[in-house]
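Open the model and work through these questions in order.

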Amino acid sequence: MTNRILIIEDEESIARVLQLELQFEGYEAEMAHTGTDGLLKYREQNWDLVLLDIMLPEMSGLDVLKRIRATESYTPVIMLTAKGEVEDKVKGLDLGANDYMTKPFEIEELLARIRTALRFSKRPIEQEPQTTFGQLSINEQTRDVLYFGEHVYLTPREYELLLYLLRHPKQVLTREQILEAVWGYNYYGDTNVVDVYIRYVRQKLEAANNTPIIQTVRGVGYVLKGSANEA
């Protein structure tokens, strides 16, 4: 099976060169040029390795790494750093990066480090993590959502929102907490976006079964609670 590599690099010329070199070596490679786009691509697909620049627009590479490692620890991440960024290298390794390369670097050395990281990666392929609360369940490997046995089809953002609630059952979550966890960066606009997406998710759950499970805590946020069959 061909290994799939995600390149998160804001310098498009560098990202394109890396993509071409990786494709020449037989890998599948896709690019993202901002931290937020990179995190979204990471969440929407399965990857065997991530090449992650530290200096990215919208969200730093360290913040992207932090969010990746908050959900899983098996996908190898190689950080791409500039000269002299010793502190960032240390932070990256502490946050769970597997390796780092300092720019400018030789492509042959990077390819060798990629081969090593892939060789020792331990993806739990036989496991299918299932997160449940009452009659609501999410298979995190297939991203299937079931509510009272009915499939619920969600957009990627709706899925991340529901998964975040499901990982914190019975805990009142503020709109700010939800924005930070689901949107992946500090949001400086109207928190009404959370209310809008909560409404979308509720409508889709209620289409499967009219038993409420997401409750509003007035003036605070939301809590996953209230199913007649909750655990």
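Q: Which residues line the second largest pocket?
A: This is a predicted model: local features need pLDDT of at least 70, side-chain atom pairs count only at pLDDT 80 or more, and totals for chains, interfaces and linings use all residues. Residues are numbered from 1 along each chain as its sequence is written, and side-chain values use heavy atoms, without hydrogens and water. On a 1 Å grid over the protein atoms alone, a pocket is an open set of points with protein on both sides within 12 Å along at least five of seven lines, a cavity is a set where a 1.4 Å probe fits but cannot get out, and lining residues have an atom within 4 Å of a point. The second largest pocket is lined by Glu-44, Arg-143, Asp-144, Val-145, His-151, Val-152, Tyr-153, Leu-154, Thr-155, Pro-156 and Tyr-159.

Q: Which elements give two or more residues to the lining of the second largest pocket?
A: Elements are DSSP runs numbered from the N terminus: helices are H or I with at least four residues, strands E with at least two. The pocket has a volume of about 160 Å³, where volume is the space filled by probe spheres set on grid points joined across faces, edges and corners. Two or more lining residues come from each of β8 (144-147) and α6.

Q: How many residues of the second largest pocket's lining are charged?
A: Ala, Val, Leu, Ile, Met, Phe, Trp, Tyr, Cys and Pro count as nonpolar, Asp, Glu, Lys and Arg as charged, and the others, Gly among them, as polar. The lining has six nonpolar and two polar residues. The charged ones number three.

Q: Which element supplies the largest share of the lining of the largest cavity?
A: The structure holds one cavity of 30 Å³ or more. Leu-40, Arg-43, Pro-156, Arg-157, Glu-160 and Val-182 line the largest cavity. The largest share, three residues, belongs to α6.

Q: How are α6 and α8 oriented to each other?
A: α6 packs against helix α8 (residues 192-208) at an angle of about 85°, with the axes 10 Å apart. Axes are lines fitted to C-alpha atoms over the stretch in contact, with angles from 0 to 180 degrees between N-to-C directions. Under 35 degrees counts as roughly parallel, over 145 as roughly antiparallel, 65 to 115 as roughly perpendicular and the rest as oblique. The angle therefore makes α6 and α8 roughly perpendicular.

Q: Which residues of α7 make the contact with α8?
A: Helix α7 (residues 175-183) packs on α8 at about 75°, with axes 9 Å apart. Contact means heavy atoms within 4.5 Å. α8 contributes Val-193, Val-194, Asp-195 and Tyr-197. α7 contributes Arg-175, Ile-178, Leu-179 and Trp-183.

Q: Which residues of α5 meet α1?
A: Helix α1 (residues 12-24) and helix α5 (residues 107-120) pack at about 60°, with axes 12 Å apart. The two are therefore oblique. From α1 come Leu-18, Glu-21 and Leu-22. Facing them in α5 are Ile-107, Leu-110, Leu-111 and Ile-114.

Q: Where is the cis peptide bond that has omega near -10°?
A: Most residues other than glycine have a negative phi, and most peptide bonds are trans. Pro-104 sits in the loop between β5 (99-102) and α5. The cis bond runs from Lys-103 to Pro-104.

Q: What is the phi of Phe-148?
A: Phe-148 lies in the loop between β8 and β9 (150-151). Phi is positive here, in a residue other than glycine. The value is near 55°.
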